[in-house]
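Thanks for making time this morning. I would like to walk through the surroundings of the ligand and then through a pair of helices, so please keep the display open while I talk.

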Amino acid sequence: VKTFEELADQVIETDVVIFGGGLAGGMAAIRTKENRDIDVWVVEKSTVRRGGEVAAGLDHYPAIAHPKINGVTAEEYGNMRADDFDGLANRKLSIITAKDALKPVAVLEDIGVKIREDDGTVKMQPGRIGGGFRWREGEKRPPAGDFILYRGADLHFKLADEMERRGVNILERTMLTNLITKDGEVIGGTAFNYRTGKLYVFKAKAVVIATGGAQRIYGYPYGIFPQNLFLSYTCPANHGGGTAAAWRAGAKLVNMEYVYVHTEIKGTPWTSAQGFTTWTTNTKGEILEDKYRELIQKYGRGGFYPNTYYCFAPNMAEAEINRDVLFYDSRHTDELDEGVGHFMDANEGPIMLKILQQRGGLKNTVSEIIPWITGLPRNFSGIWHDENGQTSLKGLFTAGDVAGGLPLYGGTGAFVWGYRIAEYLRTYILDKDKPVFGPEQTSQVQAEKNRVFAPLAHASNGEEPLELEDYVRKVMREYVCVNKVGPKLKRAQELLKIVKGKFVPVLGASNFHELMRAIELQDIIDIAEVHAATSLLRTETRMAPYHYRVDYPEKDDVNWRKNILVHKVDGEIKYIFQVNDPKKVQKS
Ligand SMILES: Cc1cc2nc3c(=O)[nH]c(=O)nc-3n(C[C@H](O)[C@H](O)[C@H](O)COP(=O)(O)OP(=O)(O)OC[C@H]3O[C@@H](n4cnc5c(N)ncnc54)[C@H](O)[C@@H]3O)c2cc1C
């Protein structure tokens, strides 16, 4: 029998290991290193300079609420965001996020991110209801979080430089594959480098998962195979590895039945700033923001992306997007919005700006849009955590898009929770002893090594991971997605079971890169299974199109104004139904 040291290519013992070096992981790393005596490792699947959702850069810092800035208290704003999510977002965590929103801004300025213009001013933009829903003169505006427009094109570089400057250890092209536990506590993890084929074993006092959202469950219909698997507005490297590893270790997940729906310009994997600054129109030239204005005002801001709501208005059975062709129409765009659009695209999507300029510019273009369905709503669906970012498993923390239970707070959520976890860890670490691995942990490492490298045995005779992924994502699109109905959800479960039982054991990989694809596929299947099972369980409709049951089209507050928490206990799936937000919000 081999020891775990012999099984691993390298064992790394540290205080804190952070999986994922994006916005949340980067912020957590530099803030933890405020105490230079703490040893920190960041394990990043891609690279810390150009990885994650905003690899190209950021253009705005959302969720700013302050009486001196916009007359809105953070408490009001946090409450309002919780209301948007109709009982399923944690109100306390939402208020914490709003209250802490400005703290990371100071850190970003310190490390050289251009939050201010050259003349020292900050470009504030009024919060608006997505896709061009502007408040008219004299209209009563609800407390909205404003955002700062800033020049964040090099933000990832600045974060990476700061990590290096503070002595954070960085391991790139290396992905978390599973966690190592002892008596219910997480004390390490295994990671695989898909360039060298090395298997790393981490022993740590605290483990942080910051691997981004689970964004590879559904497919993009207009790309050829295999590019269709990677075309996405979100980051395709964020396949859900952290969510799946936490799930397999027994951590609780929350809101897993929800689907992330967004509208995008057909033919490009992006909205660009157009989603912010244009109107949504149909072939009759009707502006949906006007047509459904009263509806949207009555039902509130609508959770994730209100311009997505317009497309599915007035209701799912008669959804505008199913009866007409819809567009982002920038012919009505005024000069102010055109300027905002240029600013945003220049900082975040210069290539998109080029494409739009070739099509006639940010103003005066009409682009067809489609619903874009990638995976789970980030920040809202994912790993459950408390106000310190600690998950239901001791020693395991989470931040950013991979975390669940919050309203969508975007980069602000990632920065705030990365920051917050670091504050907590700096004292948490002091009382912790070094983890000790026994025979049980050695057998976990052995099992993981067998699992990770198994596809090499089948090489090119085995099942092709990308073909199977394509199949799984087609199953999800056809049987789960936005028009959920009992028999189809059950069929999805059957089909996933067949893939898992029959084809995963004979997956083939001829090199380390293909091995990565095989690992990703297994994570995607695990998440898809939980997503289908919880979708079947929630026999009501809440926040359509994000969870719409064709067979249960009504909202059922009496039975369902509560979260579904799900976790694995001794290999069995357990569900917990939890009212986290007793405040009753009358929306209809
Ligand atoms: C196009 C676009 C534009 C956006 N613009 C803005 C904006 O202007 N302002 C704003 O506030 N928000 C914006 N957002 C949202 C924001 O980018 C995300 O909320 C934020 O990046 C989340 O941070 P994160 O650290 O959780 O994830 P990410 O920043 O995506 O980082 C996750 C990291 O984990 C790595 N990873 C994945 N799997 C593994 C694994 N198994 N092991 C190790 N590492 C792994 C990934 O490679 C990645 O680097 C935008 C999002 C998109 C898609």
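Predicted model: local features only at pLDDT ≥ 70, side-chain atom pairs only at ≥ 80, totals over all residues.

An oxygen atom of the ligand is 2.9 Å from a polar backbone atom of Gly411, where a polar contact is a pair of N or O atoms within 3.5 Å, and where, within protein, one atom must be able to donate a hydrogen and the other to accept it, with residues adjacent in sequence counting only if both atoms are side-chain atoms. Residues are numbered from 1 along each chain as its sequence is written, and side-chain values use heavy atoms, with hydrogens and water left out.

Which residues come nearest to the ligand? Of the 35 residues around the ligand (a heavy atom within 4 Å), these are Glu44, Glu53, His60, Glu348 and Asp401.

Turning to the helices (DSSP runs of H or I, at least four residues, numbered from the N terminus), helix 2, residues 23-32, and helix 7, residues 155-165, have axes that come within 9 Å and cross at roughly 30°. Helix 2 and helix 7 are therefore roughly parallel to each other, a description used for angles under 35 degrees, taken from 0 to 180 degrees between N-to-C directions of lines fitted to C-alpha atoms over the stretch in contact.

Notes
Helix = DSSP H or I, 4+ residues; strand = E, 2+ residues; numbered from the N terminus. Parallel < 35°, antiparallel > 145°, perpendicular 65-115°, else oblique.
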